[in-house]
Amino acid sequence: MIRGIGWLLLGSLAWPGLAEPLRIGVSLAIPPYVIREQDRGIELDLLREAFAGTPYQPEFNYLSLRQTFEQMEQGHLDGIINVRPGMLKRGYLSQPAITFHNYVFTLTPLRIERLEQLANLNVVAFQRANDILGSAFANAIRRSRSYQELARQELQVKQLFEGRAQAIVLEERIFLHYLGVLAASEGAPYDPSRVIRNDLFPATVYHFAFDRAELRDRFDQELAAMRADGRYERIFSHYQQQK
């Protein structure tokens, strides 16, 4: 375990008997950002560290992406991850917290150079991709042969290699995580050398959202400190070493 991860436990000890649970909505499975089976991941560690030493204790509610937004809007959550400006009607957005880079993944020999080429393909993407990835993507998939959005993103990788999808849209670290898991368990069908990474989207910057300004302010303050003292990068490095 890397030096510095021990601080992730401090939040539950600093305010014995006084911790106020923070109900944070997170996606069902987007490893290495959210690893449900371990109740940790890059984004969960960022939140735990941000609220360590305060009277707040993050408690993670694992939901589909659609449910996280619905429950935040209805006031059932204190915060959610991975929000862009305009996606929520209520709440306070943090400073940029994390950057995702989505790609269109295909298998050789299929190469995609323009989004318009998706129009004649079977495409599978993550939930709310139609809202997040811009009008050019939305226009292309409206003319696609088949388009679906899945909450369980490991199924995207399976469908690509099983031939049920010709192109999948997925964040790079998430794709590599699932490809590694499938290659280790099932072998040859999940050959990384078959993958073409089609770079058609700019990087996407995400914020976290909170239902109270004081929570947002605390997170922003600690996020800046983590970036300055190296804790932010150490969290990412820890999960890269685990691959």
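Over which residues does pLDDT stay under 50, and how many contacts beyond four places in sequence does the model have for them?

Mentor: This is a predicted model, and the stretch in question is residues 1-16, where pLDDT stays under 50. For these residues the model has 23 contacts beyond four places in sequence. Where pLDDT is low, the predicted coordinates should not be read in detail. The protein has a mean pLDDT of 90, with 91% of its residues at 70 or more.

Let us then turn to N198, which belongs to strand β10, residues 195-198. N198 counts as buried because its relative accessibility is 2%, and the cut-off for buried is under 20%. Leaving aside residues up to four places away in sequence, N198 touches Y103, V104, F105, T106, R111 and I112. One of these, F105, is 93 residues from N198 in sequence, yet their C-alpha atoms are 6.0 Å apart in space. The side chain of N198 also takes part in polar pairings. With the side chain of T106, the side chain of N198 forms a polar contact of 3.0 Å.

Helix α3 may be read in a similar way. Within α3, residues 65-73, the buried residues include L65, T68, F69 and M72. They lie on the same side of α3, because the arc they cover around the axis is only 95°. Among the elements that cover the buried residues of α3 are β1 (20-27), β2 (56-63), β3 (79-83) and β11 (204-210). After α3 comes G75, with a positive phi near 80°.

Conventions:
Residues are numbered from 1 along each chain as its sequence is written. Side-chain values use heavy atoms; hydrogens and water are left out. pLDDT is the predictor's confidence in each residue, from 0 to 100. Contact means heavy atoms within 4.5 Å. Helices (H or I, at least four residues) and strands (E, at least two) are DSSP runs, numbered from the N terminus. Buried means under 20% relative accessible area, exposed over 50%, partly exposed in between (1.4 Å probe, protein chains only). A polar contact is a pair of N or O atoms within 3.5 Å; within protein, one must be able to donate a hydrogen and the other to accept it, and residues adjacent in sequence count only if both atoms are side-chain atoms. The arc is that of the directions from the helix axis to the C-beta atoms.
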